[in-house]
Amino acid sequence: MLNEIYKHTQEHMKKSLEALKRDFSTLRTGKVTTNIIDHIKVDYYGTPTALSQVGSVIATDATTITITPWEKHMLNGISKAIQEANIGVNPNNDGIVIKLFFPAMTTQQRQEVVKQSKGMGEKAKVAVRNTRKDANDKIKRLEKEKSITEDEMKKANEQIQKYTDSFVASVDELLKAKEIDILKV
């Protein structure tokens, strides 16, 4: 029973880390990446569809993303979706491709993105701690049902705390690396 709780706890904590990595990929650093527009959906024949599904999305250089739709009639829909997403740039539509020119980030913008990343890191830590609380509640329930002894409960709680400490440290490492990446000019 305890092994199942340990396994379940580790899986959920790993998912929290993976979610943090996904969140971090949407943040802008000094070099622009196509991940910035991953969350943008375009109306494709009445269905909200990811930009990458309706055209080719390429970061052509450190400040430019080029979107080449597979169907030319999608240009206006893509432009509209990008404007509504409010990602800080206006799309340039030349009738063939859409180009997004991202200006170099100012120090203030970099500090703002660092704040966002810290918020994401804190959210991940809260998720890890919530997983710890759920596991500890399950262990306490087992002890009340007399399925495990009080000593086993204490050992299990210590093991769960070790997992928590490890994953919180991983969140801190990811956050530190992301901060360095954001602040690098």
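The buried residues of helix α5 are covered by elements that include α1 (2–25) and α4. Contact here means heavy atoms within 4.5 Å. Buried means under 20% relative accessible area, exposed over 50%, and partly exposed in between (1.4 Å probe, protein chains only). Helices (H or I, at least four residues) and strands (E, at least two) are DSSP runs, numbered from the N terminus. The model is predicted: local features need pLDDT of at least 70, side-chain atom pairs count only at pLDDT 80 or more, and totals for chains, interfaces and linings use all residues. Residues are numbered from 1 along each chain as its sequence is written, and side-chain values use heavy atoms, with hydrogens and water left out.

Helix α5 has 34 residues. From first C-alpha to last, α5 reaches 49 Å, close to the 50 Å expected at 1.5 Å a residue. The expected span is 1.5 Å times one less than the number of residues. Buried positions in α5 include Met-153, Ile-160, Phe-167, Val-168, Val-171 and Leu-175. Tyr-163, Thr-164 and Lys-178 are also among the buried residues of this helix. Lys-154 also belongs to α5, which covers residues 150–183. Lys-154 is partly exposed because its relative accessible area is 45%. Its C-alpha lies 9.9 Å from that of Glu-143, eleven residues away in sequence.

Helix α1 has 24 residues and reaches 35 Å between its end C-alpha atoms, close to the expected 34 Å. Its buried residues pack against α4 and α5. Among them are Leu-2, Ile-5, Tyr-6, Met-13, Leu-17 and Phe-24. Met-1 sits in the segment before α1. Met-1 counts as exposed because its relative accessible area is 57%. Leaving aside neighbours within four places in sequence, Met-1 is in contact with Leu-142 and Ser-147. Met-1 and Lys-138 are 137 residues apart in sequence, yet their C-alpha atoms are 9.9 Å apart.

Lys-125 lies in helix α4 (residues 107–144). Lys-125 is buried because its relative accessibility is 13%. Not counting residues up to four places away in sequence, Lys-125 touches Val-168, Val-171 and Asp-172. The side chains of Lys-125 and Asp-172 are joined by a polar contact of 2.7 Å. A polar contact is a pair of N or O atoms within 3.5 Å; within protein, one must be able to donate a hydrogen and the other to accept it, and residues adjacent in sequence count only if both atoms are side-chain atoms.

The largest pocket holds about 410 Å³ of space. It is lined by 18 residues, and Arg-28, Ile-36, Ile-87, Val-113 and Gln-116 are the closest to its centre. A pocket is an open set of points on a 1 Å grid over the protein atoms alone, where a 1.4 Å probe fits, with protein on both sides within 12 Å along at least five of seven lines; lining residues have an atom within 4 Å of a point. Helix α4 gives the most to this lining, with five residues.

Most residues other than glycine have a negative phi. Asn-86 has a positive phi of about 55° although it is not a glycine. Asn-86 lies in the loop between α3 (75–85) and β5 (92–93), and is exposed at 64% relative accessible area. Lys-146, in the loop between α4 and α5, has a positive phi near 65°. Lys-146 is exposed, at 71% relative accessibility.

Conventions:
Points joined across faces, edges and corners; volume = space filled by probe spheres on them.
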